[in-house]
Amino acid sequence: MTDVQELLLSRIRDVADYPEPGVMFKDITPLLADPAAFTALTDALAEIVVCTGATKVVGLEARGFILGAPVAVRAGVGFIPVRKAGKLPGATLSQTYDLEYGSAEIEVHAEDLNAGDRVLVIDDVLATGGTAEASLQLIRRAGAQVAGLAVLMELGFLAGRARLEPALDGAPLEALLVV
C-alpha cells in the first residue's frame, strides 16, 4: 500500500449499523476535513484525469460533486454535475436505472457535453455500479466519449466492477482503495 493510500484509508471512519443494521458505512467526512488528505485525494484523482486524456469531469450526486469539482479545477478541465431527476433547470438528458428495490433516474444538461469531449466520471464509492453505469450511458447518449471512471473506494464484495466492465467498453476503472 502506498503512503497516499494509507493516508486516505486512515481518514475514513467506519460507522456500524448505518444507515440500517448490518451495514458498515464508510464515512469520508474525516478525510474531507483533513487538508493534507483531501489534497492528496484531489491530486491522485487529477492525475487520473490527465492520464486518461479527459477533457471534462462528471461528478455523481452528491459526494461526486465534492470530489469531482476540485479535481476538475486541479486538472484544468470542465466539471459537469450529474443529478437526480428534477434538480437541473433547462433541457436535460435523463437515464433510468434499476435499484435493488425499484428504480431511479439521473440527469445531465444536454448542452454541457459534446462529441469532442472525453469524460472521466468521479464518485466516492463504487458499490453495485448502477448509478455509474447509468452515467456512462448518459455520457454516450450526449455524444461524448467515456474516458473512464475513478473512485475513492471500491466495495469489492458488491461486484460493481464486473457489472461496469461491459458499459466501460475498455475504458479504465480506477479505484484508489479497494475494501
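Two strands count as paired if DSSP finds at least two bridges between them, and helices (H or I, at least four residues) and strands (E, at least two) are DSSP runs numbered from the N terminus. The legends below describe a predicted model, in which local features need pLDDT of at least 70, side-chain atom pairs count only at pLDDT 80 or more, and totals for chains, interfaces and linings use all residues. Residues are numbered from 1 along each chain as its sequence is written, and side-chain values use heavy atoms, with hydrogens and water left out.

**View 1. Strand β7 and its two partners.** Let us start with Lys 56, whose bridge partner in β7 is Val 119. β3 and β7 pair in the parallel sense, over four bridges. β7 and β8 also run parallel, joined by eight bridges, and here Ile 122 has Ala 150 of β8 as its bridge partner.

View 2. Follow the order β5-β6-β4-β3-β7-β8-β9 and you have walked across an open sheet of seven strands with mixed pairing. β5 (92-99) and β9 (173-178) stand at the edges; each has a single partner strand, so one side of each is left without a neighbour in the sheet. From one strand to the next, the twist averages 20°. At the β9 end, five bridges join this strand to β8 (residues 145-154), and the two run parallel. Look there for Leu 149, which stands opposite Leu 173 in β9. Helix α5 (residues 130-141) packs on the sheet, touching β3, β4, β5, β6, β7 and β8. The direction of α5 makes about 150° with that of β5 (axes are lines fitted to C-alpha atoms, for helices over the stretch in contact, and angles run from 0 to 180 degrees between N-to-C directions).

**View 3. Val 82 and its surroundings.** Val 82 sits in strand β4 (residues 78-84) and is buried, with a relative accessible area of 3%. Which residues does Val 82 contact, leaving aside its neighbours within four places in sequence? Among them are Val 58, Phe 65, Ile 106 and Leu 138, where contact means heavy atoms within 4.5 Å. Val 58 is 24 residues away in sequence, yet the C-alpha to C-alpha separation is 6.6 Å.

**View 4. The largest nonpolar core.** This core has 27 residues, of which Val 58, Leu 113, Ile 139, Leu 149 and Leu 168 touch the most other members. A nonpolar core is a set of buried Ala, Val, Leu, Ile, Met, Phe, Trp, Tyr and Cys residues joined through side-chain atoms within 4.5 Å. Helix α5 gives the most to this core, with five residues. Beyond four places in sequence, the contacts of Leu 113 include Ile 80, Val 119 and Ile 139. A second, separate core of 25 residues includes Ala 46, Val 71, Ile 122 and Met 153.

View 5. The buried residues of α6 are Gly 160, Leu 164, Ala 167 and Leu 168. Seen down the helix axis, they fall within an arc of 90° (taken from the directions from the axis to the C-beta atoms), so they line one face of α6. Their cover includes β7, α5, β8 and β9. On the other side, Ala 162, Glu 165 and Pro 166 are exposed. Just after α6, Asp 169 takes a positive phi of about 50°.

Methods:
Buried means under 20% relative accessible area, exposed over 50%, partly exposed in between (1.4 Å probe, protein chains only).
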